[in-house]
Amino acid sequence: MYYPIQIPFILNHDFSENVRYTEEVDVQFHGFVICFWEMQSINSTCRTLENVIVTDGCIDLIVDPSEKRIGFSGMSATHFHYEIHLPIWFFGARLGPGVFRLLTGHSAADAMDRFLPLVDVDRTFNPHSFFSLSPEKIKMETKNILLKLMKQTYPNTFTELFNKLCNNPPANTTMLADMLHFSPRQCQRLFKLHFGFPPKLALSILRFQKCLKILCSGQASPADILNLTTYYDQSHMIKDFQKNLGITPFQLIHKYPPKRL
């Protein structure tokens with residue numbers, strides 16, 4: 001199964017000192033929600049931090065009680081300077097790639113690299129009532145909102161695609177289109193609709209996340225990783241890694257051994 005890695009506590013020392021980040025898998029959302037995540041200040045210090053959000057192809061349902069905002073958002077490129085103002089508490093559901101389109105009927109482009117308020121998807125949603133709840137009840141109600149959207153829906157070709165390809169992504173977009181029995185033009189249009197980005201970026205995300213997962217688990221060293229991925233060469237891998245994570249694979253292993261991840 002596709003399970004992208006977010007490691008803000010590794011990428012920013014100030015973040016790890018001031019914010020607790022956790023993820024939880026809930027089996028009743030299998031096939032739709034990869035995990036529920038939470039970010040909470042460790043103390044009551046007032047300050048501004050920069051969070052690094054690694055691109056993963058997902059659109060999240062994000063709850064920000066301090067700003068009384070709940071809605072859908074994803075990022076097609078890593079955001080290295082996303083400001084958060086402490087103290088904070090965020091709660092979110094990381095939807096699998098393609099799931100946003102299935103649950104809402106909206107094009108994924110409506111929530112990729114932008115914020116789509118939940119009320120634009122569900123006109124019956126009452127923000128005032130929702131944000132008057134306690135934190136624990138907000139989490140419960142967020143799950144209820146997703147269960148309502150999931151009702152009478154089933155995973156499809158697009159919601160299963162990243163799961164199918166995560167361990168062995170095609171080497172190029174031509175192979176991807178052939179595998180899906182789409183023309184290149186159809187592939188471009190359908191990926192924009194269901195994922196919010198083109199096929200080339202989908203393969204880049206899959207390749208990078210596979211590399212990151214292998215390195216973080218200690219299954220292989222950077223020198224061996226080319227044999228396990230579809231990177232053309234070491235230079236291609238390093239360039240892609242820096243673009244998505246800000247450091248090289250060698251720096252990740254040297255500074256933060258796998259046992260600490």
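Student: How many nonpolar, polar and charged residues does the lining of the largest pocket have?

Tutor: Let's sort by class: Ala, Val, Leu, Ile, Met, Phe, Trp, Tyr, Cys and Pro count as nonpolar, Asp, Glu, Lys and Arg as charged, and the others, Gly among them, as polar. This is a predicted model, where local features need pLDDT of at least 70, side-chain atom pairs count only at pLDDT 80 or more, and totals for chains, interfaces and linings use all residues. Residues are numbered from 1 along each chain as its sequence is written, and side-chain values use heavy atoms, leaving out hydrogens and water. The lining of the largest pocket has 15 nonpolar, seven polar and nine charged residues.

Student: How much space lies in the largest pocket?

Tutor: On a 1 Å grid over the protein atoms alone, a pocket is an open set of points where a 1.4 Å probe fits, with protein on both sides within 12 Å along at least five of seven lines; lining residues have an atom within 4 Å of a point. Points are joined across faces, edges and corners, and a volume is the space filled by probe spheres set on them. For the largest pocket, that space is about 670 Å³.

Student: Which element gives the largest share of the lining of the largest pocket?

Tutor: Strands are DSSP runs (E, at least two residues) and helices too (H or I, at least four), numbered from the N terminus. Among those that each supply at least two lining residues are β2 (33–41) and β6 (79–86). The largest share, four residues, comes from β6.

Student: And which element gives the largest share of the lining of the second largest pocket?

Tutor: Two elements give two or more residues here, β2 and α6 (157–165). The largest share, three residues, comes from α6.
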